[in-house]
Amino acid sequence: AYIESNRIEPAVREFERAVASDPQNKTNHYILGVLYRTINKFDEAIAQFKETLRLDPNDCDALFDLAATYYNWGVDIIKDADEKGEPNDAYKEKFQAALPYMEKVTDCKKDDVNVWETLGTVYARLGQQDKAIEAFEMADGIRKGLKIGMSMSEVETIFGVPDKKVETVYEGVRAMHWHYPSKEAFLYFVDGKLKAWTRSVK
């Protein structure tokens, strides 16, 4: 509501007071972090999200917003460099800082297209092209209706019967590889649950 009504500064002051009076309240830290990030106070936002995670290491929203803050900071550096026509590799430091947090976010927001696309962009900017492709392929699969952990029957409901199935067993782990050339998809199951997918060549 504060952001929508353009009352950022009063909101910042209010939540700064709230954090000071109740420093163990993770929600106040999180909201203050969001407010700081909105006005591009990246250092301050990062500190608040980290404090939220100190109080609750499993807070997925704080984890995502911490990663997103580093990412947005890097994007701002790129935009500023482009406007000035002066190359600036400082964005890499911010993207590198975002990376471990964004990778963790894929565990709790594994079906979020935005998370995978952002992760793919970070990988690409850092020169990790193979990982970037994998992340973008995950995003593409989610758009098609795939979700990590789906059963084989659920996948068949969406994609139909695969053109090819290959079963492997390694160290007691049963895996299935399904190939859908027409959909450019190669799916990987472990113990009957969808584990990952990649794009295949027709």
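Tutor: Tryptophan 73 is buried, with a relative accessible area of 18%. Buried means under 20%, exposed means over 50%, and partly exposed lies in between, using a 1.4 Å probe and protein chains only. This is a predicted model, where local features need pLDDT of at least 70 and side-chain atom pairs count only at pLDDT 80 or more, while totals for chains, interfaces and linings use all residues. Residues are numbered from 1 along each chain as its sequence is written, and side-chain values use heavy atoms, with hydrogens and water left out.

Now the rings. The whole structure holds seven aromatic pairs. Rings of Phe, Tyr and Trp (its six-membered ring) pair if their centres lie within 6.5 Å; planes under 30 degrees apart are stacked, over 60 edge-to-face, and the rest tilted. Phenylalanine 42 and tryptophan 73 have ring centres 5.4 Å apart and planes at 20°, so they are stacked. Phenylalanine 42 sits in helix H3 (residues 42–55) and tryptophan 73 in helix H4, so the pair ties together parts 31 residues apart in sequence. Helices (H or I, at least four residues) and strands (E, at least two) are DSSP runs, numbered from the N terminus. Phenylalanine 42 is buried too, at 8%.

Next, tyrosine 70 and tyrosine 101. Their ring centres are 6.3 Å apart and their planes at 5°, so this pair is stacked. Tyrosine 70 is in H4 and tyrosine 101 in helix H5 (residues 91–108), so the pair links parts 31 residues apart in sequence. Tyrosine 70 is buried, at 11% relative accessibility.

Further ring pairs link Tyr71, Tyr91 and Phe95 into a cluster. Charges also sit over rings. The test is NZ of Lys or CZ of Arg within 6 Å of the ring centre and within 35 degrees of the ring normal. Lysine 94 lies over the face of tryptophan 73, at 3.7 Å from the ring centre. Arginine 125 lies over tyrosine 91, at 5.6 Å from the ring centre.

The structure holds one disulfide (a pair of cysteine sulfur atoms within 2.5 Å). It joins cysteine 60 to cysteine 108, S to S 1.9 Å. The link is right-handed, with 75° about the S-S bond. Cysteine 60 lies in H4 and cysteine 108 in H5, so the bond ties together parts 48 residues apart in sequence. Cysteine 60 is buried at 16%, whereas cysteine 108 is partly exposed at 40%.

Now the largest nonpolar core. Such a core is a set of buried Ala, Val, Leu, Ile, Met, Phe, Trp, Tyr and Cys residues joined through side-chain atoms within 4.5 Å. Of its 55 residues, Val155, Trp178, Leu187, Phe189 and Leu194 touch the most other members. H4 (residues 60–84) gives the most to this core, with 11 residues.

Some of those members lead to the strands. Strands pair if DSSP finds at least two bridges between them. Six bridges join S2 to strand S3 (residues 185–190), and the two run antiparallel. Tryptophan 178 stands opposite leucine 187 in S3. Six of the eight residues of S2 (residues 173–180) are buried, so this strand is largely enclosed by the rest of the structure.
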